[in-house]
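Work through the exercises below with the sequence and the coordinates at hand. Each task is followed by a solution in steps.

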Amino acid sequence: MEKLENTRFRTVHCACIHAGEGFTLLEVMISLAIVGGLLITLLYTLNYNLGIAERHRVITISTHLAKEKMYEMERKPATGKGQFPEPYSGFSYETNVKDSLFPGMSEISVKVKNAKEEFALSELVKKAK
């Protein structure tokens with residue numbers, strides 16, 4: 001009889017262990033909420049950093065284009081507007097020449113624009129005679 005009771009106890013004990021294994025629905029839902037929150041934070045951060053990188057790219061290109069146009073203006077100052085050739089067709093420029101407060105000097109300025117940003121350079125040069 002004693003042997004039979006030990007067998008019964010072991011069977012009940014094993015059934016309790018198997019019933020407690022696994023995760024409850026509440027635990028799964030909480031873990032999914034945590035993972036979802038982390039993913040949203042990660043995507044927001046990635047999107048923010050990509051926006052900053054794009055803005056820096058546009059500012060860098062605008063700076064180089066404005067410097068190039070400024071070098072042209074130093075040799076032959078002229079007021080005008082236009083578009084840059086490919087691959088910078090999304091950028092436009094506006095040049096301006098005006099007298100400065102200093103005698104014998106002109107102020108030349110270049111504005112480079114695209115859809116989102118505007119970059120301007122100005123410089124004093126000796127007036128052409």
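**Exercise 1. Determine which strands the buried residues of α2 pack against, and list those residues.**

Step 1. The buried residues of α2 pack against β2, β3 and β4. Contact means heavy atoms within 4.5 Å, and buried means under 20% relative accessible area, with exposed over 50% and partly exposed in between (1.4 Å probe, protein chains only). Helices (H or I, at least four residues) and strands (E, at least two) are DSSP runs, numbered from the N terminus.

Step 2. The coordinates are a predicted model, in which local features need pLDDT of at least 70 and side-chain atom pairs count only at pLDDT 80 or more, while totals for chains, interfaces and linings use all residues. Residues are numbered from 1 along each chain as its sequence is written, and side-chain values use heavy atoms, with hydrogens and water left out.

Step 3. The buried set of α2 consists of Val58, Ile61, Ser62, Thr63, Leu65, Ala66, Lys69, Met70 and Met73.

Step 4. From first C-alpha to last, the 51 residues of α2 reach 75 Å, close to the 75 Å expected at 1.5 Å a residue. The expected span is 1.5 Å times one less than the number of residues.

**Exercise 2. Is Ser62 buried or exposed, and which residues does Ser62 contact?**

Step 1. Ser62 lies in helix α2.

Step 2. Its relative accessible area is 2%, so Ser62 is buried.

Step 3. With neighbours within four places in sequence left aside, Ser62 is in contact with Phe91, Val112 and Phe119.

**Exercise 3. Which residues have the most contacts inside the largest nonpolar core?**

Step 1. A nonpolar core is a set of buried Ala, Val, Leu, Ile, Met, Phe, Trp, Tyr and Cys residues joined through side-chain atoms within 4.5 Å.

Step 2. The largest such core has 13 residues, and those with the most contacts inside it are Leu65, Phe84, Phe91, Ile108, Val110 and Val112. α2 and β3 each supply at least two of its residues, and the largest share, 6 residues, comes from α2.

Step 3. In soluble globular proteins, nonpolar side chains tend to be buried together.

Step 4. Not counting residues up to four places away in sequence, Ile108 touches Met70, Met73, Glu74, Pro77, Asn96, Val97, Leu121, Ser122, Glu123 and Val125.

**Exercise 4. Where is Lys98 found, and which residues does Lys98 contact?**

Step 1. Lys98 is found in strand β2. Lys98 counts as partly exposed because its relative accessibility is 45%.

Step 2. Apart from neighbours within four places in sequence, Lys98 is in contact with Ser106 and Glu107.

Step 3. Lys98 and Ile108 are 10 residues apart in sequence, and their C-alpha atoms are 6.6 Å apart in space.

**Exercise 5. Summarise the protein as a whole.**

Step 1. The protein has 2 helices and 4 strands, which run α-α-β-β-β-β from the N terminus on.

Step 2. Of its 129 residues, 16% are buried. The accessible surface comes to about 10600 Å², with 63% of it belonging to carbon and sulfur atoms. Accessible areas come from the Shrake-Rupley method with a 1.4 Å probe; for residues, only the protein chains shown count as cover.

Step 3. Among contacts between residues at least 6 apart in sequence, 32% join residues at least 24 apart.
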